[in-house]
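This report goes through selected local features of one model, section by section.

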Amino acid sequence: MDFLLRKAIEEATPLKIIYIDRQTRLSERVITIESINATHVRAYCQTKRGIRMFRRENILSAGMIRNRKFGA
């Protein structure tokens, strides 16, 4: 997952993550990573519309969101 997190920072690409919080509630989030360290990811959460800290061990899955073009 480290590779994916670093690539998302380098390419400024949002990630869709599945996250489990302290109360064991699952949520799906769309985030844009600002920084990472050994234990946390600091990111803008589009779902909550603000900066959030995510524990790396609580990110259950992550995937890049690529720009999609819509229309005729």
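## Salt bridges

A salt bridge is taken here as a side-chain nitrogen of Lys or Arg within 4 Å of a carboxyl oxygen of Asp or Glu. By that criterion Arg55 and Glu57 form a salt bridge, with their closest N and O atoms 3.1 Å apart; Arg55 is partly exposed at 31% relative accessibility, whereas Glu57 is exposed, with a relative accessible area of 60%. The coordinates belong to a predicted model, in which a search of the whole structure finds six salt bridges.

Another of these joins Asp2 to Arg56, where the closest N and O atoms are 1.9 Å apart. This pair links distant parts of the chain, since Asp2 is in helix H1 and Arg56 is in the loop between E4 and E5, 54 residues apart. Asp2 is partly exposed, with a relative accessible area of 39%, while Arg56 is buried, at 17%. A salt bridge is also found between the side chains of Arg25 and Asp21, at 2.8 Å from N to O, and Asp21 counts as partly exposed at 21% relative accessibility.

Arg29 is located in strand E2, which covers residues 26–36, and its side chain makes a polar contact of 3.2 Å with the side chain of Ser27. Leaving aside residues up to four places away in sequence, Arg29 touches Leu15, Lys16, Ile17, Cys45, Thr47, Lys48 and Phe54.

## Strand E1 and its pairings

Ile18 takes part in both pairings, having Glu28 as its bridge partner in E2 and Ser61 as its bridge partner in E5.

## The aromatic pair

The count of aromatic pairs comes to one. The ring centres of Tyr19 and Phe54 are 5.1 Å apart and the ring planes stand at 80 degrees, so the pair is edge-to-face. Tyr19 lies in strand E1 (residues 15–20) and Phe54 in strand E4 (residues 50–55), so the pair ties together parts of the chain that are 35 residues apart in sequence. Both partners are buried: Tyr19 has a relative accessible area of 8%, and Phe54 has one of 2%.

## Positive phi angles

Ala12 has a positive phi of about 50 degrees although it is not a glycine; this residue lies in the loop between helix H1 (2–11) and E1 and counts as exposed at 58% relative accessibility. Arg49, likewise not a glycine, has a positive phi of about 60 degrees. Arg49 lies in the loop between strand E3 (40–45) and E4, and is exposed, with a relative accessible area of 70%.

A further positive phi, near 60 degrees, is taken by Thr24 in the hairpin of E1 and E2, which has five residues between the strands.

Conventions
Residues numbered from 1 in each chain as written. Heavy atoms only, no water. Helix = DSSP H or I, 4+ residues; strand = E, 2+ residues; numbered from the N terminus. Polar contact = N/O pair within 3.5 Å; in protein donor to acceptor, adjacent residues only side chain to side chain. Contact = heavy atoms within 4.5 Å. Phe/Tyr/Trp six-rings, centres within 6.5 Å; stacked < 30°, edge-to-face > 60°. Buried < 20%, exposed > 50% of the residue type's maximum accessible area, 1.4 Å probe, protein only. Pairing = 2+ DSSP bridges.
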